[in-house]
Amino acid sequence: MEKKSKVLIVGGTGYLGKRLVKASLVEGHETYVLYRPEIGVDIEKVQLLLSFKEQGAKLVTGSLHDHQSLVNAVKQVDVVISAISGVHIRSHQILLQLKLRFLPSEFGTDPARMEHALEPGRVTFDDKMVVRKAIEDANIPHTYVSANCFAGYFLGGLYQLGTIMPSRDSVILYGDGSVKAITVDEDDIAKYTIKSIDDPRTLNKTVYIRPPENILSQLEIVQIWEQLIGKELKKSSISAEQFLSSMKGQSYAEQVGMVHYYHVCFEGCLANFEIKEEDDGVEACKLYPEVKYTTVYQYMKRYL
């Protein structure tokens, strides 16, 4: 049996990071998690790190502000997966990755396809492209993971911005709700990511996670929820122009998020293109058919 890579996960206590740690351990990788002294007395993060250790992971100390500590950490492994936050409503830290020399995994919308993104939301994509350029200029082997929409953030709110629990009464549709998007369970994102790290087919490529049954419009997701609760929701709609106008007066972080929703829900930026190998793209569900992904229907049942 081919020896599996040693993996270092940066941001292991985060929303996706903790799932990556679990998936790496399940797949049998010798798994290291970066312990950053910056977390201070955040007891929940410390307890989570200790739980990783109990499960077999190894903690390695390093700070994104201390280059030598990162060098020492990276020397112990074959692969580095960065899961530090890129969400403005939490803590936007994408450019801190430039302090690492690593084989990264990237999550969310493919920034290479977002050159047309509106301000101020494009900052997320621009920052990711800065990191990509640094990686590629240094000839570092890499895999980018485009995981599309995190189910917890999007399905819980029926794709409505600002809510993460589905209403049993009403819903606001973006346009006519017919634009296709792609939703992925966060645990599945972690599984596909870990599967890809020792796969030569993903080397220097973008891995798109596109579960076929989860390529759905907002209206189709609403209909699944209506089927589950046995009730039709009262529906209203907002046009693209109204949505963009409503950004005025919002905070910078809220405007960034609204731009992302605009491109996903009105433009259809996640599903409006084909994945082509000549563009260095591969599709995770085709590479790893053994992964039984969670469908939108299955995920939505947790809200009953």
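This is a predicted model: local features need pLDDT of at least 70, side-chain atom pairs count only at pLDDT 80 or more; totals for chains, interfaces and linings use all residues.
Residues are numbered from 1 along each chain as its sequence is written, and side-chain values use heavy atoms, with hydrogens and water left out.

**View 1. Three strands make an open sheet with parallel pairing, in the order β5-β9-β12.** Strands (E, at least two residues) and helices (H or I, at least four) are DSSP runs, numbered from the N terminus; two strands pair if DSSP finds at least two bridges between them. At the edges lie β5 (143-146) and β12 (281-283), each pairing on one side only. On average, neighbouring strands of this sheet are turned by 25 degrees against each other, direction ignored.

**View 2. Here β9 (residues 205-208) pairs with β12 in the parallel sense over three bridges.**

**View 3. Helix α1 (residues 17-26) and helix α6 (residues 186-196) cross at roughly 50 degrees, their axes coming within 8 Å.** Axes are lines fitted to C-alpha atoms, for helices over the stretch in contact, and angles run from 0 to 180 degrees between N-to-C directions. The two helices, α1 and α6, are therefore oblique to each other (angles under 35 degrees count as roughly parallel, over 145 as roughly antiparallel, 65 to 115 as roughly perpendicular and the rest as oblique).

**View 4. Residues of α1 meet residues of α6.** Arg 19, Leu 20, Ala 23 and Ser 24 in α1 are in contact (heavy atoms within 4.5 Å) with Glu 186, Asp 187, Ala 190, Lys 191, Thr 193 and Ile 194 in α6.
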